[in-house]
Amino acid sequence: MKKILFSLAMVLALGTVALAQTVTVAAGAVGQELELIKAAAQRYMDANPGVTVNVLETPDLATDRLGLYLQFFEAQSSEIDVYQIDVIWPGDLAEHLVDLYQFPGFAEAAQEHFPAIVENNTVDGQLLAIPWFTDAGLLYYRTDLLEKYGFDGPPATWDELEDMAMTIQEGERATNPDFWGYVWQGNSYEGLTCDGIEWVASNNGGSIISPDGVITINNPNAIEIIDQAASWVGTISPGGVTGFGEEDARNLWQSGNSAFMRNWPYAFSLGNSEGSAVAGLFDVAPLPAGKGSPAACLGGWQLAVSKYSENPDVAADVALFLASYDEQKIRAIQGSLNPTIMALYEDPDVLEAAPFFGSLYDVFTGAQPRPSTVTAPNYAQVSRAFFTAVHDVLTGQQDAETAMALLELDLEAITGFPTGAP
Amino acid sequence: MNKKTRLVLGQVFFWLLITLIFIYLMFPFYWATVSALKTEQELIQTPTSYFPKELSLQNFAAVFRNDSFLRGLLNSTIVALSVTVLSLLIGSFAGYALGKMRFRGKSPSMYLILAMTMFPQIAVLAGLYAVIRTLNLPAIPSMILSYMIFTLPFTVWVLTAFFKGLPVSLLQAAQVDGADMMQTFWQILLPLTAPALVTTGLLAFIQAWNEYLFALTFTSIEPTARTVPVAMALFSGEIARQEPVGEIMAAAIVVTIPLVVLVLIFQNRIVDGLTAGAVKG
Amino acid sequence: MAQTQRQTALTTTKPRAMSELARREERTALWLLLPSFVIILLIAIYPLGQVFYSSFTSARFASSEPTRFIGFENYRNLLSMTIRQLPPKLDEQGNPVITDGERQYETWVRILPRQPRRYSSVNEFNFFGRRYVLGATNAEFITAIWDTVVFSVVSVVLETIFGLIIALTLATKFIGRGVMRAAMLVPWAIITVVSARIWEWILAPTRLGFMNTFLSDIGIGDGNIGFFTNSSLQLPSMITMDVWKTTPFMALLLLAGLATIPKELYEAAEVDGASKIRQFFSVTLPLLAPTLAVALIFRTLDALRVFDVFQVVLGSQRYSMASFAQDMLIANRDVGLSSAASVVIFVLIFAFAIFYIRVLGVDSE
């Protein structure tokens, strides 16, 4: 009797496994974003009754999230099938992810997304992650203040930014002693690598390490612009900017205490939210340039399928669905999450919901990737060496010439790459 | 006169000291409360305001709307309470042996128990995760078990110190009355050290209550088992990168108040202990 | 005094009878310790052993790369140090370069060895008119050790003083004692990750933060003091946060210790005409020693392992030993190096524990 019951239970158990396939997606924990992905998962389940899609929220703090993912990979856990990964992770996590090109639909899909991101997500010809939403550094500026002080438009160069910030700051200080010209991210963290690579690239100083594996950071253009950025600290930017992250900059900006800000697109809708001191009084533009053309750091998130997944084909299908045109369109309209599909930047519904998408198309397509794929699996070390060196310059512990020379030695030791001109 | 002046000065100094310490300990909590009661706009205003201009309960409302946070409160209570009870029980056994008995290998045992907790948490996490996976335990028992890695050495060492301080005469008297070792333990040792047990338990409870890293990892695939610190880490704004400072502050207050109430409840015990705990030597 | 009476309880003096009784006592003791050992065996042995083992290997986190045994290589990479003299900088004529009345020296880059391991500068110092550089293969970790030890010693000393004051105060009777006792617990009860955020908010580098607003209102500073970015303010800020957070732990533990001191001893001291201060040193402190030792051990242990506040507030700006170990593990995936760093923490904690036990004379035997 017991035996029969047992085998019955076995049959039932096996039967359910065969019938219902479960795919678990590890995604962001963020309020609205989480709602969006839960709704998307529901749409997938409605269309594919045999599949259950679970959404698992993970911490918003990138180090915590990466730490968690690594624990899963170390344990070769099959609990999670689809991972939401940062644009700088595909190279580092390559050995745990499957090549998406082996599943139907991805080869065509890859053509629709921004080539720079697809290239970033491709290691040895394998597509390890499908782009989901993108991010790029932008210059926020106060339209009312520019007008008040007689400037026609946002600054095109860093020198212009300095002049404008200084003029506005001096004028505003008369009534507001806490006013600053320009706020940005100067803390010693990944965000400074983004700000730093924007400065360097916009001054024809290369991208720290070139995509073909040459250490280029120790060059006069890079040194010049980093020294220039250091001169902002305490003049047009608060001394505390060397401890600023994204939110510190936004807090100062959104309370109306800054003329310019470098930040990601997320600050746009928050700046225009109810109660914001700058609502309707600002706009965004490409970041200024030095000797070269403007550069915006590429950010954003991708969807990847775990090698340890029990249903990689279903998982890949879920990822493809989540990153599809229709889904990205919903996310763009409801959450102002920047799509990675080029055609969406011409979609009238999207442009109506987020007008700046259209005018900044070039910024998003031309965004500057960090050298994460070429330096994998050592990108974290490379980035840390870079932002530590830049931070030392910003806080006046070293001049840029010494810092970049030392950085070059560090990068040689970390990567073993040759050095050269950008 | 001179003596009187000195007495008054001493009194003044005493109260001044208490006031200063009180301010130092309480100020950040005050600031968290003020920040939680401000509107978002006032919160980011420069210069900051010392008192909220208009009171807003929005942040608190958001906290109570958050289901995972409320569930976290329950999970945290279950986990921390179980850890505390187990650690006190096991710890007092060990403390009795280490504090009041004679046997070989006492020092090595003490150090072995202490060694459990001498690595940073991050270092043992991967190994512990492997153990938990091998044991195939659900998240809540996993947390209870793994928190012992830091609460048990603490309870063992503290209770050993307290037990050792008890006068021998008391235990000898019990022995003369014919009580065996375990009866002595239950009937003499534990009641006499009750205030110490309460304090130790309280400190261990809070340690377990505040743990984040293990909880984050063990509950990652079991969201219903998340504890408060994890729920709070997953607290975020409507949009990625946005940090809801006001809500985090509000949540911190909502979490802290039950604990303080708990202390007030246990306080009678501690007060009793203070008066009765003066052991007859 | 009670101290001298602290002999084990359940033994009689006759050798014969003792051996029988002693054996029974030993058995009981082992049974009582059994649950603790089961827990250790179950959850601690494997993770602990793995950290020790990994510290001698090239293991990488979440990687299929084969792990090799590499002996003490990780420790060499972590702890190698050297001191070299820096020659004065000479101009073309061979005269020393002097700027602003200060002699200039060659930079350390050319002086410190690069093979087989690359050294970089931890610190430069003058000694008998010569300039030296302290180089290390891992300057960040050496700095982290120094910072963490300074942090721990200063915090624990302050916590002990404050904790003792609070405990002694709360042991006396005064109005509002109950409230004070509950209030005192608040810092310890606030979740660590969040308390770091509260302090971050208080000590923000602009007048968005309370401290900068308050200080500039009373005429100190310009409202832009970078408590977490100014390198001379970083450790004091960390210490302020830690002392705030953990003084209650110290106070509560010492309060419990005070409660176990028999009142009769004070009465006897009173009869002998000992002043309050004398009573403190002759009665309170010696009898509090075992509790104090335990409190010190656990506070020092926590301080040397400090992680949350450093990671949340300083990130990669400045490391504690544990936040360094975390960065090596998560960012660099270097399990070997990270484990070696943890073993260094382990050894330091052990050294402190033995030191306290010896100095306070509370050995368990």
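**Exercise 1. Work out how many residue pairs are in polar contact across the interface of chain A and chain B, and which elements of chain A are involved in that interface.**

Step 1. Start with the rule: a polar contact is a pair of N or O atoms within 3.5 Å; within protein, one must be able to donate a hydrogen and the other to accept it, and residues adjacent in sequence count only if both atoms are side-chain atoms. Across the interface of chain A and chain B, that rule picks out six residue pairs, both partners at pLDDT 80 or more.

Step 2. Now look at the elements; helices (H or I, at least four residues) and strands (E, at least two) are DSSP runs, numbered from the N terminus. On the side of chain A that touches chain B, two or more residues each come from α2 (31-47), β2 (51-58), α3 (62-74), α11 (246-254) and α12 (266-271) of chain A. The top contributor is α11(A), with six residues.

Step 3. Sort that side of chain A by class and you get 13 nonpolar, 12 polar and 10 charged residues. Here Ala, Val, Leu, Ile, Met, Phe, Trp, Tyr, Cys and Pro count as nonpolar, Asp, Glu, Lys and Arg as charged, and the others, Gly among them, as polar.

A quick note on the model: it is predicted, so local features need pLDDT of at least 70 and side-chain atom pairs count only at pLDDT 80 or more, while totals for chains, interfaces and linings use all residues. Residues are numbered from 1 along each chain as its sequence is written, chains are lettered from A and ligands numbered from 1 in the order in which they are written, and side-chain values use heavy atoms, with hydrogens and water left out.

**Exercise 2. Find the salt bridge between chain A and chain B, then one between chain B and chain C.**

Step 1. A salt bridge needs a side-chain nitrogen of Lys or Arg within 4 Å of a carboxyl oxygen of Asp or Glu. Chain A and chain B have one across their interface: R226(B) pairs with E57(A), with the closest N and O atoms 3.4 Å apart.

Step 2. Between chain B and chain C there are two salt bridges. One of them joins E26(C) and R104(B), at 2.4 Å from N to O.

**Exercise 3. Give the area buried at each of these two interfaces.**

Step 1. Buried area is the accessible area (1.4 Å probe) that two parts lose on being put together, summed over both.

Step 2. Chain A and chain B bury about 2,800 Å², 56% of it on carbon and sulfur atoms. E57(A), Q71(A) and E247(A) supply 17% of the area that chain A buries against chain B, more than any other three residues.

Step 3. For chain B and chain C, the value is about 10,200 Å², 76% of it on carbon and sulfur atoms. Counting contact as heavy atoms within 4.5 Å, 109 residues of chain B and 103 residues of chain C take part.

**Exercise 4. Classify the ring pair F119(B) and F52(C).**

Step 1. Rings of Phe, Tyr and Trp (its six-membered ring) pair if their centres lie within 6.5 Å; planes under 30 degrees apart count as stacked, over 60 as edge-to-face and the rest as tilted.

Step 2. The centres of F119(B) and F52(C) are 5.2 Å apart and the planes sit at 65 degrees, so this pair is edge-to-face.

Step 3. Buried means under 20% relative accessible area, exposed over 50%, partly exposed in between (1.4 Å probe, protein chains only). F119(B), at 2%, is therefore buried, while F52(C), at 30%, is partly exposed.
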